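Dear colleague,

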Amino acid sequence: MSSKVLIAISDLELAGAQKVVAHLAANMDKTQNQLGVLVLSEARDTIIERQLRQQNIQMYFLNKPAGLHLPTFRKAAQFVKEFALKLRRINYEICIGSGN
């Protein structure tokens with residue numbers, strides 16, 4: 001049975017947690033898992049974004065502005081809820097990481 005994994009992270013700039021996301025994506029068995037990356041910030045065409053695109057990893061950008069922005073967190077919660085509902089009949093995991 002296939003698992004679907006969603007990793008949420010603040011941004012995909014070149015930093016520690018972001019490198020972990022890239023490492024997970026590169027080493028995840030794509031025949032057994034479907035991986036998505038939920039990014040709070042906007043797309044910035046970073047090295048990590050390019051790596052994920054080359055590996056055909058789906059990225060979802062919420063375009064959060066700088067600072068505390070509660071509507072983005074409500075939007076993220078709704079996205080995760082919809083993601084989970086779409087997966088009612090398959091096994092899934094939700095991993096949450098944080099950047100800075």
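The notes below begin with the basis of the values and then follow the chain.

This is a predicted model, in which local features need pLDDT of at least 70 and side-chain atom pairs count only at pLDDT 80 or more, while totals for chains, interfaces and linings use all residues. Residues are numbered from 1 along each chain as its sequence is written, and side-chain values use heavy atoms, with hydrogens and water left out.

Helices (H or I, at least four residues) and strands (E, at least two) are DSSP runs, numbered from the N terminus. Strand E1 (residues 3-9) is largely enclosed by the rest of the structure, because six of its seven residues are buried (under 20% relative accessible area, 1.4 Å probe, protein chains only). E1 runs parallel to strand E2 (residues 33-39), and seven bridges join them; pairing requires at least two DSSP bridges. Between E1 and E2 the chain passes through helix H1 (residues 16-27), giving a right-handed β-α-β crossover (clockwise from the first strand over the helix to the second, with the strands pointing away from the viewer).

E2 also pairs in the parallel sense with strand E3 (residues 58-61), over four bridges, and Val37 stands opposite Met59 in E3. E2, helix H2 and E3 form a right-handed β-α-β unit.

The axes of H1 and H2 (residues 47-54) come within 10 Å and cross at roughly 10°; the axes are lines fitted to C-alpha atoms over the stretch in contact, with angles from 0 to 180 degrees between N-to-C directions. The contact (heavy atoms within 4.5 Å) involves residues including Val21 and Ala25 of H1 and Ile48 and Leu52 of H2.

Yours sincerely

Terms used
Buried < 20%, exposed > 50% of the residue type's maximum accessible area, 1.4 Å probe, protein only.
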